[in-house]
Amino acid sequence: MENNNTDQVRALYNTAKETWPSDDPWHTYTHNYITQKVQSYLGTLHSEALVLNAGSGDTRYCTSATVYDVDIAEDKLKNSLHPFVSSIESLPFAASFFDCVICVGSVLNYCDLYAALSQLIRVLKPGGVLCIEYERSQSAEFLLTKNYNVNVFSKIYTYNGQQHRLWLYSDSYVLQFLKQHHIDVANRDYFHGVSSFVARLTGDEPKASKFAGRDRYFPWLLKFTAHNCLLWGQKI
């Protein structure tokens, strides 16, 4: 699997005025959904806990724990208390350093998944919590195409007015690696299921995003159509 050019990705995000553009309803919903879930968990941590926010961009969480923000785009770290400029495929931390590792915002879709996950798991303590989010090949966007539910493939997307190449992953591809590296998966939250289906039918992603809240009415459908997965696991 060929990596994105790190310098190109850094430049794209350093020049972006907003990591989550306010005029993009699809990604606004994505950001709000992820933030609510992650913030809820972080609110339960004690003050001595160490958290890695990998691929943080300019997203900051409210928690009594100490959060280390890591990103390749240095301009997005200006308001961080503990900033580190680094790729998540080569983290500058000792093994078993963090109580919790978070990597959301589809950061993993820019990376060599296995290289990135190896690093995230390496720096997580035994018993620690791993939270990742990724875009899926099971998305309804790919229904009735050769790419639906394949392990991995790449696609060019326009995001924030710029061209980005993302890698899409199947659940089985992600879960197999996590199992091999002793991550016990506790929960998977699927979202953008109904909206992805509507986007597949209409070709209009911004309008389809209005249907994102309907996911709660069709939980049985999401495993087959959701574009995004937010996964929680524990290192054993």
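1. A word on helix axes before we start: axes are lines fitted to C-alpha atoms, for helices over the stretch in contact, and angles run from 0 to 180 degrees between N-to-C directions. Helices (H or I, at least four residues) and strands (E, at least two) are DSSP runs, numbered from the N terminus. Please keep in mind that this is a predicted model, in which local features need pLDDT of at least 70 and side-chain atom pairs count only at pLDDT 80 or more, while totals for chains, interfaces and linings use all residues. Residues are numbered from 1 along each chain as its sequence is written, and side-chain values use heavy atoms, with hydrogens and water left out.

2. Let us begin with the sheet. Seven strands make an open sheet with mixed pairing, in the order E3-E2-E1-E4-E5-E9-E8. The edges are taken by E3 and E8; each has a single partner strand, so one side of each is left without a neighbour in the sheet. From one strand to the next, the twist averages 15°. Two strands are said to pair if DSSP finds at least two bridges between them. As a reminder, strands of a sheet pair through backbone hydrogen bonds, either parallel or antiparallel.

3. Now look at strand E2 (residues 66-71). Five of its six residues are buried, so E2 is largely enclosed by the rest of the structure. Here buried means under 20% relative accessible area, exposed means over 50%, and partly exposed is in between (1.4 Å probe, protein chains only). E2 pairs with E1 in the parallel sense over five bridges, and Asp 69 in E2 is the bridge partner of Asn 53. E2 also pairs with E3, again in the parallel sense, over three bridges; there, Val 70 stands opposite Phe 84 in E3.

4. Strand E5 (residues 124-135) is worth a visit too. How many of its twelve residues are buried? Nine are, and the strand is mostly covered. E5 and E4 pair in the parallel sense over five bridges, with Ile 102 opposite Cys 131 in E5. With strand E9 (residues 228-235), E5 pairs in the antiparallel sense over seven bridges, and Tyr 134 stands opposite Cys 229 in E9.

5. Two helices can be followed against these strands. Helix H2 (residues 25-42) lies across strand E1 (50-54), E4, E5, E8 and E9, and runs at about 145° to E8. H3 packs on the sheet as well, touching E1, E4, E5, E8 and E9, and its direction makes about 150° with that of E5. Touching, or contact, means heavy atoms within 4.5 Å.

6. Next, the meeting of two helices. The axes of H3 and helix H4 (residues 171-180) come within 11 Å and cross at roughly 40°. H3 and H4 are therefore oblique to each other; angles under 35 degrees count as roughly parallel, over 145 as roughly antiparallel, 65 to 115 as roughly perpendicular and the rest as oblique. In H3, Leu 113, Tyr 114, Leu 117, Ser 118 and Ile 121 meet Tyr 173, Val 174, Gln 176, Phe 177 and Leu 178 of H4. The residues of this contact divide into eight nonpolar, two polar and no charged. In this count Ala, Val, Leu, Ile, Met, Phe, Trp, Tyr, Cys and Pro are nonpolar, Asp, Glu, Lys and Arg are charged, and the others, Gly among them, are polar.

7. Which residues of H4 are buried? They are Asp 171, Tyr 173, Val 174, Phe 177 and Leu 178. Their cover includes H3, E5, strand E6 (152-159), strand E7 (162-169), E8 and E9.

8. His 182 is found in the loop between H4 and strand E8 (183-191), and its phi is near 65°, a positive value in a residue other than glycine. His 182 is partly exposed, with a relative accessible area of 49%. Ser 96, in the loop between strand E3 (83-85) and E4, also is not a glycine and has a positive phi of about 55°. Ser 96 counts as partly exposed at 34% relative accessibility.

9. Leaving aside residues up to four places away in sequence, Ser 106 touches Glu 133, Glu 135 and Asn 228.
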